[in-house]
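Before you set up any calculation, please read the following points alongside the structure, which is shown here.

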Amino acid sequence: MVSRLVLVLGDQLSEGLSALAAAEKGSDVVVMAEVSEEATYVQHHPKKIAFIFSAMRKFAARLRDDGWDVRYTRLDDAENAGSIHGELLRRAEETGAFEVIATQPGEWRLIEALEDMPLRLTMKPDTRFVSTQDEFDTWAEGRKALRMEYFYRDMRRKTGLLMDGDDPVGGQWNYDAENRKPAPDDIAFSGPMQFTPDETVQEVLDLVEARFGNSFGSLRPFWFATDQAQARRALSHFITYALPRFGDFQDAMMNDNRFLYHALVSPYMNVGLLDPMEVCRAAEDAYTDGHAPLNAVEGFIRQIIGWREYVRRIYFREGPDYTRRNALDHQRRLPDFYWTGETDMNCLSKAITQTADEAYAHHIQRLMVTGNFALLAGVDPHEVHEWYLRVYIDAFEWVEAPNVVGMSQFADGGIIASKPYVSSGSYINRMSDYCKSCRYRVQDKTGKDACPFNLLYWHFLDRHSETFAGNPRMNQIYANWRRMDDGRKQTILSEAEAFLETLGA
Ligand code: FAD
Ligand code: DLZ
Ligand code: SF4
């Protein structure tokens with residue numbers, strides 16, 4: 001007799017999932033469903049939908065091989081109820097089950113939908129993370145500022161990663177000072193491991209093309225790993241060929257190289273094909289074996305047990321209204337060129353075109369090009385949030401929203417970032433070769449060829465001086481602004497206004 005349904009969502013494709021661990025293979029029924037509500041609550045990049053559906057189909061097959069009774073619904077099945085709760089109700093009726101075991105979804109919207117269902121629900125915590133929410137909340141209690149760095153040190157102690165007894169290996173916790181080299185002349189890495197679509201993936205690609213072919217972004221070529229074995233090969237390829245130089249050029253950007261030494265493991269970790277500790281242990285082994293230097297390995301591990309864990313905890317600590325925060329009261333619509341890449345600003349054009357082609361851009365492109373511009377221009381952070389959630393293959397709200405709303409747009413008022421991540425064109429010029437082939441001149445601060453980032457940078461600081469002038473980390477910048485003569489300030493501000501007018505409302 002079927003007693004319970006076990007829900008496995010598209011980003012819960014892990015054999016050790018808490019819902020599966022709490023279920024009985026012989027009597028409980030696993031429910032997996034490709035549903036239009038999940039595929040359209042934002043209009044995802046077609047590569048993201050293809051990745052998730054392909055990985056879901058392969059994971060369902062693996063569970064079946066392992067002896068589970070899996071009821072899998074394909075998007076085009078005639079009886080598809082169109083939503084996760086609809087599918088659970090349909091399967092409950094079909095099997096006679098009245099109880100659902102779920103692992104907590106990574107988005108408040110879906111948590112609330114499950115809680116509203118007329119079925120008995122057991123919601124298990126998602127244990128595929130290094131930290132727990134209780135642990136974070138205890139750590140956060142009574143602190144004035146929730147700085148990632150201190151949380152990260154606790155995660156190092158907890159996991160023992162790169163630890164020498166109670167001390168960090170090498171004597172320092174953080175080697176970031178060695179990790180900010182500008183774009184190199186060339187890259188000795190041919191990019192992430194790419195996989196030829198197999199029959200399952202081909203079938204999904206045809207489906208996605210027919211149903212979502214008109215969304216932003218190219219579906220083909222599609223080369224992502226879609227099962228655990230492939231994801232592990234992709235990880236090992238990164239560790240062998242790219243990790244040794246990951247640290248040095250982590251922040252660099254290049255016209256003709258979209259991946260540099262980045263890992264592209266976020267999609268795999270976020271849907272559960274790779275476990276974060278497995279990824280970190282592989283990196284640590286590369287250090288122990290003398291294959292990769294400490295600055296690279298520490299930098300990489302910090303992104304995972306530091307930033308990735310930290311943003312997850314902030315998302316669940318801050319609650320469902322987080323994506324609606326707008327501390328700087330920014331109201332501008334997202335400029336159209338975010339959907340076309342058609343702008344004379346080469347850095348933006350390159351980052352957006354790459355995003356459309358690959359459903360991927362690396363951290364600094366997201367933070368200091370598309371994010372920086374939106375913040376300087378005063379774009380409504382909710383629109384910015386929806387753009388990021390749509391366009392990246394690794395975007396799930398728990399990780400995307402804190403990075404966008406908090407880190408990039410300062411819309412949470414400074415919970416994540418101690419100061420806004422804004423820069424003029426000079427930062428982009430230092431870290432990339434974008435400016436060399438731009439119609440604007442990065443060294444021009446005013447005038448018809450002035451880089452718009454230069455104009456908007458001061459416009460942003462001037463219009464938010466009440467909020468930021470007292471921030472000790474911004475003293476020097478405001479001192480520079482105050483020292484500028486009034487005529488020059490006026491020219492900058494009026495040219496910035498004229499530029500903003502060209503962006504529309
Ligand atoms: P690498 O540079 O090789 O880093 C290794 C791993 O570290 C990543 O796979 C990722 O899991 C983790 N990591 C690094 N930085 C962060 C971070 N800030 N937060 C969480 N994990 C991190 N990451 C997502 O997974 N999904 C998102 O939707 C997302 N949106 C972002 C939006 C903005 C505005 C910014 C600034 C960052 C965002 N990030 C997001 C973080 C980061 O950009 C991506 O994790 C990274 O680019 C993924 O590519 P990679 O695997 O090649 O990363
Ligand atoms: C992102 C996504 C998409 C596009 N489609 C599905 C789907 O059809 N079925 C499913 O179970 N999950 C899907 N997902 C992932 C969910 O949206 C995800 O679980 C929530 O956003 C929480 O992270
Ligand atoms: Fe971007 Fe300005 Fe450089 Fe052009 S000059 S690529 S707009 S930073």
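**Notes on the ligand sites**

1. In the site of ligand 2, one of its nitrogen atoms lies 2.7 Å from a backbone N or O atom of alanine 33, a polar contact being a pair of N or O atoms within 3.5 Å, where within protein one must be able to donate a hydrogen and the other to accept it, and residues adjacent in sequence count only if both atoms are side-chain atoms. Backbone N or O atoms also lie close to oxygen atoms of ligand 2, at 3.0 Å for glycine 10 and at 2.9 Å for valine 35. On its own ligand 2 has 490 Å² of accessible area, of which the protein covers 100% (Shrake-Rupley method, 1.4 Å probe; for residues, only the protein chains shown count as cover).

2. The model is predicted, so that local features need pLDDT of at least 70 and side-chain atom pairs pLDDT 80 or more, while totals for chains, interfaces and linings use all residues. Residues are numbered from 1 along each chain as its sequence is written, chains are lettered from A and ligands numbered from 1 in the order written, and side-chain values use heavy atoms, with hydrogens and water left out.

3. Ligand 2 is surrounded by 19 residues, with Asp11, Ala33, Val35, Glu38 and Glu107 the closest (a residue is near if one of its heavy atoms lies within 4 Å). Helix H3 (46–65) is among the elements that supply at least two residues of this shell, and H3 gives the largest share, 3 residues (helices are DSSP runs of H or I, at least four residues, numbered from the N terminus).

4. Around ligand 1 there are 29 residues, and His262, Leu264, Asn270, Tyr360 and Asn403 come nearest. Oxygen atoms of ligand 1 lie 2.8 Å from a polar side-chain atom of histidine 262 and 3.3 Å from one of histidine 363, whereas a nitrogen atom of ligand 1 is 2.9 Å from a polar backbone atom of aspartate 394. Taken alone, ligand 1 exposes 810 Å², and the protein buries 99% of that.

5. Which residues are found around ligand 3? They include Met345, Cys347, Cys435, Cys438 and Cys451, and the shell divides into 10 nonpolar, 1 polar and no charged residues (Ala, Val, Leu, Ile, Met, Phe, Trp, Tyr, Cys and Pro count as nonpolar, Asp, Glu, Lys and Arg as charged, and the others, Gly among them, as polar).
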